[in-house]
Amino acid sequence: MAKLTIPAQELMYGGHAACPGCGAALAMRLLLKGLGPRTIVSLPACCWTVIATPYPTTALRVNILDNPFEATGASISGLRAAVDVLGLKDVHIVGFAGDGGTADIGLQALSGMLERRTNAIYVMYDNEAYMNTGIQRSGETPWGAWTTTTPVRGSLHGKPEAKKDMMGIVLAHHPVYAATVNPSFPEDFDRKVERARDLVGPRFFHIFAPCPPGWRFDSAQTIALGRLATDTGVFPLYEVVDGRLHITRKTGELKPVAEYLTAQGRFRHLTQEDVEQIQTQVRTDWERLLKREREDLSLAH
Ligand SMILES: Cc1ncc(C[n+]2csc(CCOP(=O)(O)OP(=O)(O)O)c2C)c(N)n1
Ligand code: SF4
Ligand SMILES: [Mg+2]
């Protein structure tokens, strides 16, 4: 049965610099609740460096290292080596990077960290664009979405490419643990963080992080939108432990993807045909996930 409480400890100060309704801010808060105070967070250039460290303030009650945009994977490998040399025990090393810093410019450093089997947690908070610099498209921006570099004008119709499958890329490196989490489901989020916390080796989280100004929705709707993302199948919740996949939220029939898309201005230009195309893709991906879960379960027996 799902755990119904999350830890009371707060390792994030109020009054930080995030926009109202920022999913990425909620993600950090929940992550640190599960990991506790003996955590070092390495941040590349992204919204979170602005949220956390406008000089001379800090938003976190844990140590922070600011690293170059492309270097999060390398920086947490270095941090782990340093902590081990110093003989420090029970320290959690976390790289907390955006989708641009992970799926695009930081991909090689992440791959190296996973290949070296670095004992650390890498987090990609996914707001599906380069938000800190003005809503430019990233490899994680979904097909058809408006951004400032994928405009809607004349024959231009939002992003022409598909979203990059980061979980697939990470799983090809065989991490000890990888999971998708969504701040709209805090008990599921916390359970996965606590599970990952107690493992040794490379671990990865893909966090759904709604961004009201970038996605063009009312900041009071962040939690509701996040629930829709999972319950339509756009952002399924699952974890992979030692290569075995387990879906952690199933609600029977998926809700129509149109409910999720019409709630956001970045998809306002999509035609009925576009929505049907996205619906077909979401259903296909969901069926594939169910099949993988069935196959992994049969291997376990
Ligand atoms: C090498 C380098 N190139 C570009 C930049 C400028 N830059 C800073 S943050 C950022 C966007 C980060 O996007 P993402 O990783 O998705 O995080 P988000 O801002 O969305 O939280 C860019 C392009 C930089 N700091 N360093
Ligand atoms: S721009 Fe988006 S991701 Fe960045 S702080 Fe604001 S809500 Fe959060
Ligand atoms: Mg981003």
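How do the residues of the shell around ligand 2 divide into nonpolar, polar and charged? Let's start there, keeping in mind that this is a predicted model.

## Around ligand 2

The shell splits into 10 nonpolar residues, 2 polar ones and no charged ones. Who's in it? Ligand 2 is surrounded by Ala18, Cys19, Cys22, Ala24, Cys47, Ile51, Asn127, Met131, Cys211, Pro212, Pro213 and Gly214. Two elements, α2 (47-52) and α8 (212-215), each give two or more residues to this shell. The largest share comes from α8, with 3 residues.

Now find strand β3, residues 92-98. Here 7 of the 7 residues are buried, so the strand is largely enclosed by the rest of the structure. His92, Val94, Phe96 and Gly98 point one way, while Ile93, Gly95 and Ala97 point the other way, and all of them are buried.

Next, look at the strands that β3 pairs with. Strand β1 (residues 39-43) runs parallel to β3 and is joined to it by 4 bridges. To spot this pairing, look for Ser42, which stands opposite Gly95 of β3. Strand β4 (residues 121-126) also runs parallel to β3, with 5 bridges joining the two. Here, Ala97 has Met124 in β4 as its bridge partner.

Helix α3 (residues 72-85) and helix α5 (residues 107-115) have axes that come within 6 Å and cross at roughly 35 degrees. On the α3 side you'll find Thr72, Gly73, Ala74, Ile76 and Ser77, which meet Ala109, Leu110, Gly112 and Met113 in α5. By class, this contact has 5 nonpolar residues, 4 polar ones and no charged ones.

Terms used. Residues numbered from 1 in each chain as written. Chains lettered and ligands numbered in written order. Predicted model: local features only at pLDDT ≥ 70, side-chain atom pairs only at ≥ 80, totals over all residues. Buried ≥ 20, exposed ≤ 12 C-beta atoms within 10 Å, placed from the backbone. Pairing = 2+ DSSP bridges. Axes fitted to C-alpha atoms, helices over the stretch in contact; angles between N-to-C directions. Contact = placed C-beta atoms within 7 Å. Nonpolar A, V, L, I, M, F, W, Y, C, P; charged D, E, K, R; others polar. Near = placed C-beta within 6 Å.
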